[in-house]
Amino acid sequence: MDTSSDLIVARPEGLFCAEGSFYIDPWRPVERAVITHAHYLAANPGLGVLLSRLPGIDVQELEYGEAIVVNGVRVSLHPAGHVLGSAQVRVEHKGRVWVASGDYKIEPDPTCAPFEPVRCDTFITESTFDLPIYRWENPRAVFDGIDSWWRHNAAQGRASVLFCYSFGKAQRILAGVDAAIGPIFCHGAVEPLNRAYAQAGIALPETRLVSDIAAKDKTAFKGALIIAPPSAQGSTWMRRFGDYSDAFASGWMRLRGTQRRRGVDRSFVLSDHADWPGLQFAIGASGAERVIVTHGQIEPMVRWLSEQGLDAGAFKTEYGDDIIEADTAAPEAAAQ
Ligand SMILES: [Zn+2]
């Protein structure tokens, strides 16, 4: 295929639609960008951060399913089921339809709109967890596991500190656990995201900031669940809690040895990305004859796609966002 005719190509700045003269999720400043999800919020909530990352841009909000025409190219956003506000980008030009998935997951998640399959000719899919070993448990079973760990610790008078990515994962956990077990506290990196979710109408249990408790008061945390970003692990901040058990929630916990390497008491396999069957479902539901893979190991997925008779390829991308989700140098871990 003549790549110059491709509707979307990979450029050093990011995925680029030449016909429309815009980028999708650029990792460098560009003139016009379509953003699949506001991961920028994770680093530091607020539009100011987005503007500082992409200087001088005007931000135009789009509802899911609403279309705009950019230089003759019809652009619309569709739910990706990944985190609040995450979107797939559908690009249509002269009868050709391409979809760039951004990050997505198939599992139900009460904190964001469910993944919506979008028919297209060419599907650019993320494939963070593109190995057959990645098969997620029913999320309800994972939350039951978190609840019983928390309940057990509470009965022993211990705090339960759960490390997870602050944006999306933390709120999904808050929405999934049994808030009747005890009080819930959040790290300062998590609480602003909770407020953003609440403002968007997502029901979350009542949470308090850890820093609202006097520094020497450890009793407030007995029996509590504390949600914190992975960066808090091993920091002096942990001294706040007295006796505690800690755990880590991530899709990477599916890998043997990851819990031990993280040095936590427990691990919970919970991801906001599609697992291997989820990727296959989404690719099939797109109806695409051509599939371009980004992130992940790439080769096993490209091989599987070719075996299905699909035109399969890969884009080299420089996304950094889900290294944060992983926080554990995932590619090295996956290679072991
Ligand atoms: Zn993401």
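The model is a predicted one, so local features are taken only where pLDDT is at least 70 and side-chain atom pairs only at pLDDT 80 or more, while totals for chains, interfaces and linings use all residues. Residue numbers start from 1 along each chain as its sequence is written, and side-chain values rest on heavy atoms, with hydrogens and water left out.

(Helices, H or I with at least four residues, and strands, E with at least two, are DSSP runs numbered from the N terminus.)

How much of Y104 is left open? Its relative accessibility is 0%, so Y104 counts as buried; the word means under 20% relative accessible area, with exposed being over 50% and partly exposed in between (1.4 Å probe, protein chains only). F115 is buried too, at 12%. Y104 also pairs with F123: the ring centres are 6.3 Å apart and the planes meet at 40°, so this pair is tilted. Since F123 belongs to strand 9 and Y104 to the loop between strand 8 and strand 9, the pair ties together parts 19 residues apart in sequence. F123 is buried, with a relative accessible area of 1%.

Elsewhere, F129, Y134, W136 and W252 come together as one aromatic cluster. A ring can also meet a charge: the charged end of R11 sits over the ring of F16, 3.8 Å from the ring centre. That label calls for NZ of Lys or CZ of Arg within 6 Å of the ring centre and within 35 degrees of the ring normal.

Next come two helices. Helix 4 (residues 169-176) has 7 of its 8 residues buried, so it is largely enclosed by the rest of the structure. The buried ones are K169, A170, Q171, R172, I173, L174 and G176. In helix 8 (residues 299-307), the buried residues include P300, M301, V302 and L305. Among the elements covering the buried residues of helix 8 are helix 7 (276-286), strand 16 (290-294) and strand 17 (311-314), where contact means heavy atoms within 4.5 Å. After helix 8 comes G309, with a positive phi near 85°.

I298, in the loop between strand 16 and helix 8, has a phi near 65° and is buried at 18% relative accessibility. S21 has a positive phi of about 55°. S21 lies in the loop between strand 2 (14-17) and strand 3 (22-24) and, at 40% relative accessibility, is partly exposed.

The S127 side chain makes a polar contact with the side chain of D130 at 3.3 Å. (A polar contact is a pair of N or O atoms within 3.5 Å; within protein, one must be able to donate a hydrogen and the other to accept it, and residues adjacent in sequence count only if both atoms are side-chain atoms.) Setting aside residues up to four places away in sequence, S127 touches L279, V293, T294, H295, G296 and Q297.

P110, in contrast, is exposed, with a relative accessible area of 63%. P110 is in the loop between strand 8 and strand 9. Its C-alpha atom is separated by 8.3 Å from that of G176, 66 residues apart along the chain. Leaving aside neighbours within four places in sequence, P110 is in contact with A175 and I202.

Notes: Phe/Tyr/Trp six-rings, centres within 6.5 Å; stacked < 30°, edge-to-face > 60°.
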